[in-house]
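The exercises below ask you to read a structure step by step, and each task is followed by a worked solution. Please look at the sequence and the structure first.

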Amino acid sequence: MWLDHQDNRAALRAVKGVGPKSVDYIGNLVGRSQVAVDVHLRDFAVDAGVAGLRYEELRAAYEEAAAVLGHEPGGLEHAVWRFKSQAGT
């Protein structure tokens, strides 16, 4: 897939206003199951005692948690996002 290549991800990141979260979110929109770390996922991690991680480290932590739990990364991301957004973070 096009987004699997670092050069392509870097090309998207070169667009003003596009960061790693946007690239990961676009991946979810085109059928990849991945974690796009936003404020809700970061807040959930802080609530769980996991603070101070860079974007890539926190994304990897969520991906590892999904694997341990037997879930797709995108499904775990959505569940956490829905929980935190309904809780009124």
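**Exercise 1. Find what the buried residues of helix α1 pack against, and work out how they are arranged around the helix.**

Solution. The buried residues of α1 pack against α2 and α4, where helices (H or I, at least four residues) are DSSP runs numbered from the N terminus. This is a predicted model, in which local features need pLDDT of at least 70 and side-chain atom pairs count only at pLDDT 80 or more, while totals for chains, interfaces and linings use all residues. Residues are numbered from 1 along each chain as its sequence is written, and side-chain values use heavy atoms, with hydrogens and water left out.

Next, list the residues: in α1, which covers residues 6–13, the buried ones are Asn8, Arg9 and Leu12. Buried means under 20% relative accessible area, exposed over 50%, and partly exposed in between, computed with a 1.4 Å probe and protein chains only. Seen down the axis of α1, these buried residues fall within an arc of 100 degrees, so they line one face of the helix; the arc is that of the directions from the helix axis to the C-beta atoms. On the other side of α1, Gln6 and Asp7 are exposed.

**Exercise 2. Decide whether Leu3 is buried or exposed, and list what Leu3 touches.**

Solution. Begin with the place of Leu3, which is the segment before α1. The relative accessible area of Leu3 is 5%, and therefore Leu3 is buried. Not counting residues up to four places away in sequence, Leu3 touches Arg9, Leu12, Val23, Ile26, Gly27, Val30 and Arg32, where contact means heavy atoms within 4.5 Å. Finally, take a distance: the C-alpha atoms of Leu3 and Val46 are separated by 29 Å, and the two residues are 43 residues apart along the chain.

**Exercise 3. Describe the surroundings of Asp24 and of Tyr55.**

Solution. Asp24 has its place in helix α2, and with a relative accessibility of 2% Asp24 counts as buried. Leaving aside neighbours within four places in sequence, Asp24 is in contact with Arg9, Gln34, Val35, Ala36, Tyr55 and Arg59. Turning to Tyr55 and leaving aside the neighbours within four places again, the contacts are Pro20, Lys21, Asp24, Val35, Ala36, Val37 and Arg42.

**Exercise 4. Describe the lining of the largest pocket by residue, by helix and by class.**

Solution. A pocket is an open set of points on a 1 Å grid over the protein atoms alone, where a 1.4 Å probe fits, with protein on both sides within 12 Å along at least five of seven lines, and lining residues have an atom within 4 Å of a point. The largest pocket has a volume of about 160 Å³, a volume being the space filled by probe spheres set on the points. Lys21, Tyr25, Asn28, Ala36, Asp38, Gly74, Glu77, His78 and Trp81 line this pocket. Both α2 (20–29) and α5 (73–86) supply at least two residues of the lining, and the largest share, 4 residues, comes from α5. By class, the lining has 3 nonpolar, 3 polar and 3 charged residues; Ala, Val, Leu, Ile, Met, Phe, Trp, Tyr, Cys and Pro count as nonpolar, Asp, Glu, Lys and Arg as charged, and the others, Gly among them, as polar.
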